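Here are my notebook entries from a first look around this structure. Keep the view open and follow along with me.

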Amino acid sequence: MNLLEEVVLDLERHSATAGWDTPPRLYALVASAELRRADPELAGQLGLDPEADTFAALEQGELPEADGLDEALARIVWPEAVSGCALVVERVVLPPEAEADIPENEAEAAAWVAEHPLREDVRMVVGVLRDGDRHSALRMRRHDADDEVLSGPDLVPALADALIATFEPDVEPGG
């Protein structure tokens with residue numbers, strides 16, 4: 001298991017202790033050696049082993065509620081000391097055959113999905129590194145047990161792509 005997989009699974013277990021129906025949480029992933037060098041006091045408070053090579057997951061402030069997740073992620077710029085990031089988010093998913101019946105009206109659609117008998121609440125933890133490495137963990141509310149967590153690099157590819165984009169330099173129009 002590599003360091004990114006470890007931190008994603010640790011964040012998933014941590015999120016499970018908080019329960020369901022929580023807002024999205026964004027984490028900066030900082031190499032423990034970099035954190036010990038830049039902020040030894042914080043590294044000590046986090047209990048980072050001086051000999052361990054890990055990532056410290058530093059929770060960021062809340063994402064703006066008024067913006068959609070895509071818009072919020074599009075505005076993020078990470079300092080060079082940040083090696084990667086991870087996002088914990090809950091979503092409701094429906095089987096493909098149910099999606100064709102979703103009402104057009106947004107308010108009606110939300111109520112329809114919330115009451116649908118085949119809906120599935122899913123918690124996704126997606127972590128990425130600057131070099132493009134990625135890993136995800138998924139937990140379904142209906143199968144809410146540590147041994148039921150799915151884990152792999154490409155479980156939520158669109159979200160991983162959006163997180164990787166937070167490390168790409170902004171390009172000025174015409175530049």
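Entry 1: I started at W78, which counts as buried because its relative accessibility is 10% (buried is under 20% relative accessible area, exposed over 50%, partly exposed in between, with a 1.4 Å probe and protein chains only). A reminder to myself: this is a predicted model, where local features need pLDDT of at least 70, side-chain atom pairs count only at pLDDT 80 or more, and totals for chains, interfaces and linings use all residues. Residues are numbered from 1 along each chain as its sequence is written, and side-chain values use heavy atoms, with hydrogens and water left out.

**Entry 2: its partner.** I found one aromatic pair in the structure. The ring centres of W78 and F167 are 6.0 Å apart and the planes meet at 20°, so I noted the pair as stacked. (Rings of Phe, Tyr and Trp, the last by its six-membered ring, pair with centres within 6.5 Å; planes under 30 degrees apart are stacked, over 60 edge-to-face, the rest tilted.) The pair links distant parts of the chain, 89 residues apart: W78 is in the loop between α4 (69–74) and β3 (84–93), and F167 is in the segment after α7 (157–165). Helices (H or I, at least four residues) and strands (E, at least two) are DSSP runs numbered from the N terminus. F167 is buried too, at 13% relative accessible area.

**Entry 3: the sheet.** In what order do the six strands lie? I read β2-β1-β3-β4-β5-β6, an open sheet with antiparallel pairing; two strands pair if DSSP finds at least two bridges between them. At the edges are β2 (55–59) and β6 (150–152), each pairing on one side only. I looked up β3 and β4 (residues 120–129) and found 10 bridges joining them.

**Entry 4: an arginine in β4.** Is R123 buried or exposed? R123, in strand β4, is buried, with a relative accessible area of 1%. The charged end of R123 sits over the ring of W20, 4.1 Å from its centre (the rule: NZ of Lys or CZ of Arg within 6 Å of the ring centre and within 35 degrees of the ring normal). A polar atom of the R123 side chain also lies 3.0 Å from the backbone oxygen of G19. Leaving out residues up to four places away in sequence, R123 touches several others, including E12, V88 and L138.

Technical notes: A polar contact is a pair of N or O atoms within 3.5 Å; within protein, one must be able to donate a hydrogen and the other to accept it, and residues adjacent in sequence count only if both atoms are side-chain atoms. Contact means heavy atoms within 4.5 Å.
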